Amino acid sequence: MLAAKRQARIIELAQQNGSVQVEELARELNVSAMTIRRDLLKLEETGRIERCHGGAVAKQEVSYEDKQIRNMREKNKIAERCAGLVSPGDTVFLDAGTTTYEIAKRIGSVQGITIVTNDLEIAQLMNQSSAELFVCGGRMQKSTGSMMGYYATGFLQDFRFDVGFFGAASISGRLEVMTPTVDKAFLKRETARRCEKAYLVVDHSKFGRQSMVKINGLSDYTAVVTDREFTPEEEEIIVRDKIVIMNVYRRTGK
């Protein structure tokens, strides 16, 4: 098999399964483990995958423009539910993302609120509102318009939030909240701990997927606002870990 065709198959398997292992790929493609490692190195250099211990995970950072057109009906429903969780005078953290952007559109007129965000698109939107606005500094991820890294995380350490809304790149089969980016994981994890109430806002497409870095678990949030219909196996985890689910197509949570 030609290298290009083999590498295309590796990407396909990574996207299907979330992650791939060197030894499994070697057996699947009938080549040596060393050949697979060279393929993974090449694919990482071109930004197609991210290597991890023993294999690789699919590259899952999606551009802001692409995110904006995905699952908009669900994101709007989630945003409408979340807007009702903000009270006058609250200090609100809005994580970077298109679902949180939709939340921002609905809360800018709430009396006396303060918005803190690491999303430049949200910041531009809130600049037209009556809300007081704070924006993180730090390193910008240009493809998503989000601020991250040491300085962004350090900026947020001095804040305490009444409510925070957080997105995620993916949620694993074990209901672990994950991201492809180490710097994002640390910022999200630490900021959620500084919220009196922290909500994970994710549509159904984020579930059953693997990323490189674990942020935390669903039980680390006050509630998960989603349109996801959970499997029986996931329901067992939800009950065991006392996770609160606010399903936007049902008026009551679990």
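The structure holds zero disulfides, a disulfide being a pair of cysteine sulfur atoms within 2.5 Å. This is a predicted model, in which local features need pLDDT of at least 70 and side-chain atom pairs count only at pLDDT 80 or more, while totals for chains, interfaces and linings use all residues. Residues are numbered from 1 along each chain as its sequence is written, and side-chain values use heavy atoms, with hydrogens and water left out.

Cys82 is buried at a relative accessible area of 0%, where buried means under 20% relative accessible area (1.4 Å probe, protein chains only).

Now colour helix α2, residues 22–29, and pick out its buried residues, Val22, Leu25, Ala26 and Leu29; helices (H or I, at least four residues) and strands (E, at least two) are DSSP runs, numbered from the N terminus. Looking down the axis of α2, you will find these buried residues within an arc of 105°, so they line one face of the helix, the arc being that of the directions from the helix axis to the C-beta atoms. They pack against α1 (3–17), β1 (19–21), α3 (33–45) and β3 (55–58), contact meaning heavy atoms within 4.5 Å.

Finish at Thr191 in helix α9, residues 182–192, which is buried at 1% relative accessibility and touches Phe93, Leu156, Phe161 and Phe166, not counting residues up to four places away in sequence.

Terms used
Buried means under 20% relative accessible area, exposed over 50%, partly exposed in between (1.4 Å probe, protein chains only).
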